[in-house]
There are 2 protein chains.
Amino acid sequence: MAAGDLAARILAGDVRAAARLMRDLDDRLPAAEAALRSLLPRTGHAYVVGLTGAPGAGKSSLTDRLIAHYRRAGKTVGVVAVDPTSPFTGGAILGDRIRMQDHALDEGVFIRSLGTRGHLGGLSRSTAELVQVMDAMGKDVVLVETVGVGQDEIEVASLAHTVVVVSVPGLGDDVQAIKAGVLEIADVFAVNKADRDGADRAVRDLQVMLELRRTVLGRPVDHDHDAAHRLHGTPAAAALPEGEWEPPIVRTVAVKDQGVEELARAVEAHRAFLERSGGLRAREVARARAGFVTVLRERLLAGALARLEAEMGHLDAVAARIAAREADPYQLAEELAARLAGPAEGTP
Amino acid sequence: MAAGDLAARILAGDVRAAARLMRDLDDRLPAAEAALRSLLPRTGHAYVVGLTGAPGAGKSSLTDRLIAHYRRAGKTVGVVAVDPTSPFTGGAILGDRIRMQDHALDEGVFIRSLGTRGHLGGLSRSTAELVQVMDAMGKDVVLVETVGVGQDEIEVASLAHTVVVVSVPGLGDDVQAIKAGVLEIADVFAVNKADRDGADRAVRDLQVMLELRRTVLGRPVDHDHDAAHRLHGTPAAAALPEGEWEPPIVRTVAVKDQGVEELARAVEAHRAFLERSGGLRAREVARARAGFVTVLRERLLAGALARLEAEMGHLDAVAARIAAREADPYQLAEELAARLAGPAEGTP
């Protein structure tokens, strides 16, 4: 099928065409990239919400409930699950307590998953592509569920307009689990399984971290006011100086469908804040920059490796020489970069 | 200081010179790279052990105990902690239960930490560089502690000769926490905090996963034999066909110093297996290949972005055009890659 046909079918709402394109993108077929390119001008409608957090925090259950919430509100939903253990991916080996089949027959919901394995930079690129296809399909909201709080997750989170960091009481040491990077990416905190012992502690730990940050930022803290807001899961933005967003802390019990409406309201409040402050456009530009750099990096490396194999031998043989300390990887990289900047030898 | 002087001082055992080089590498000073290059021929001595697992699993305590173990055995130890919440990094906001100061005055121990933030590919590159410097310093064992089990951690783990995956009972749903990728990178499993409720379950879950994998690999399972081995934390390698390594499961209670000797023995057994099977050389080549590709990718991208800014405008301006759907990132990347392959315009 020509790339234009596939793209046209996707824009016309053909779910199977979208699934086909996603598969082809995963297989890195050139025609798939052409189809994606022709979809790009039709993207920019979807609001992208990232959910990230440690394994076992209940992100999938929360995603499940958010889907239901948005469907009740009449919105169409796409889901990209970046986590091989997610029930969305079928990766759960023992048991699957999420009733994702509730959504399987709903045409307003489109779910795709990605493993976290693959080449460097591949994860954020693949996720970005799936989000773009879902955007082009006309999904109103795209939920991106990632596991963990590492560098990948931070990059994947950068695809989102609003990032929800999901924590859970009793994860050993909650504060240990919440890392410096998370403070920077979190727009909303959800303390899930909030009916468990330790929920108050988990909320307090987050409050302390946010207060520490505000102290660093040099802003006075209105303890009672903010604490009251946060304890009740109300977005605290209104209490803060214009132009700054304080991540609200929302308690949820996903499996009992508690706190999900509050969470959705917190996301909505953040969206309104971004639109008001110009932050939405800034996030779009950052996302475009990251996507472009990823594509560029991949193009350049592919070209250089082809040149390497043509001129210096197979990559494994070169690596064996480096491993034997017979070759200097920095020098090889320099030589190769320099050759690429000059006219090719042996190629027309 | 000239790069050669710095390298010579490091090879002579000057700890402050090593610390200085690591700082300079972090700041990406060109002289630092030159010094590192001159150290490379003197590397290849250290045995690298990676420890990875979810936040709160107690990796730092286990690392702490392993340091003590190796020191008792007369070995020098380097530690690279890739985790901003690790007590090694000073990143723990509330409380620090690890007495790392025990090692602070020990000249046989050298500890450095890295945050997990930074540019794509930067984490594994930086970690690899720290490992190389510690190797050149003559450390016998280098422990690399990473948090999480995402793609980054898998890449960082690929730096190690032996990868220990640390899990812990009661982390919500242990099997959910142990992801497909982990099975592929784990050479040894440690179930830490094994005096807690749920330890048997955690061990069993890992056994089930390993058995599933063996079934997939088409090998018959000798339940009683293997189970007995694993339940007692004995490396099961001897019970397996020649040429295959079955990750042993070791129970540890790091804070009570229990199981640490067994864990070290399991690491040693894996090392002996790698040496016997030729796997050690294969890992060295894979590590060299990954390192080279990372350096090459960085060089190429830096050159291309300089060219972009010279010819197409500032990256942010280009990204803004992409975000506004006025420019096609794929086309821009192609143009730029093509220009780099031809003679430069406007540069001599």
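**Conventions.** I number residues from 1 along each chain as its sequence is written, with chains lettered from A and ligands numbered from 1 in the order in which they are written. The model is predicted, and local features need pLDDT of at least 70, side-chain atom pairs count only at pLDDT 80 or more, and totals for chains, interfaces and linings use all residues.

**Entry 1: strand β1 of chain A.** I took helices (H or I, at least four residues) and strands (E, at least two) as DSSP runs, numbered from the N terminus. I called a residue buried if 20 or more other C-beta atoms lie within 10 Å of its own, exposed if 12 or fewer, and partly exposed in between, with C-beta atoms placed from the backbone. Seven of the seven residues of β1(A), residues 47-53, are buried, so the strand is largely enclosed by the rest of the structure.

I looked next for its pairing partners, where two strands pair if DSSP finds at least two bridges between them. Seven bridges join β1(A) to β4(A), residues 141-147, in the parallel sense; here A:Gly50 has A:Val144 as its bridge partner. β1(A) also runs parallel to β5(A), residues 162-167, over four bridges, and A:Val49 is partnered there by A:Thr162.

**Entry 2: positive phi.** Most residues other than glycine have a negative phi. I noted A:Arg28, with phi near 60°, in the loop between α2 (15-26) and α3 (30-39) of chain A. I also noted A:Lys193, with phi of about 55°, in the loop between β6 (188-191) and α10 (199-216) of chain A. Which of the two classes, buried or exposed, does A:Lys193 fall into? A:Lys193 counts as buried because it has 27 C-beta neighbours inside 10 Å, whereas A:Arg28 has 11 and counts as exposed.

**Entry 3: a helix contact between chains.** I fitted axes as lines to C-alpha atoms over the stretch in contact, with angles from 0 to 180 degrees between N-to-C directions. The axes of α14(A), residues 315-323, and α13(B), residues 279-311, come within 8 Å and cross at roughly 105°. That makes the two helices roughly perpendicular (65 to 115 degrees). I counted residues as in contact if their C-beta atoms, placed from the backbone, lie within 7 Å. Among the residues that meet are A:Leu315, A:Val318 and A:Ile322 in α14(A) and B:Val285, B:Ala288 and B:Phe292 in α13(B).

Note on methods: Angles under 35 degrees count as roughly parallel, over 145 as roughly antiparallel, 65 to 115 as roughly perpendicular and the rest as oblique. Two residues are in contact if their C-beta atoms, placed from the backbone, lie within 7 Å.
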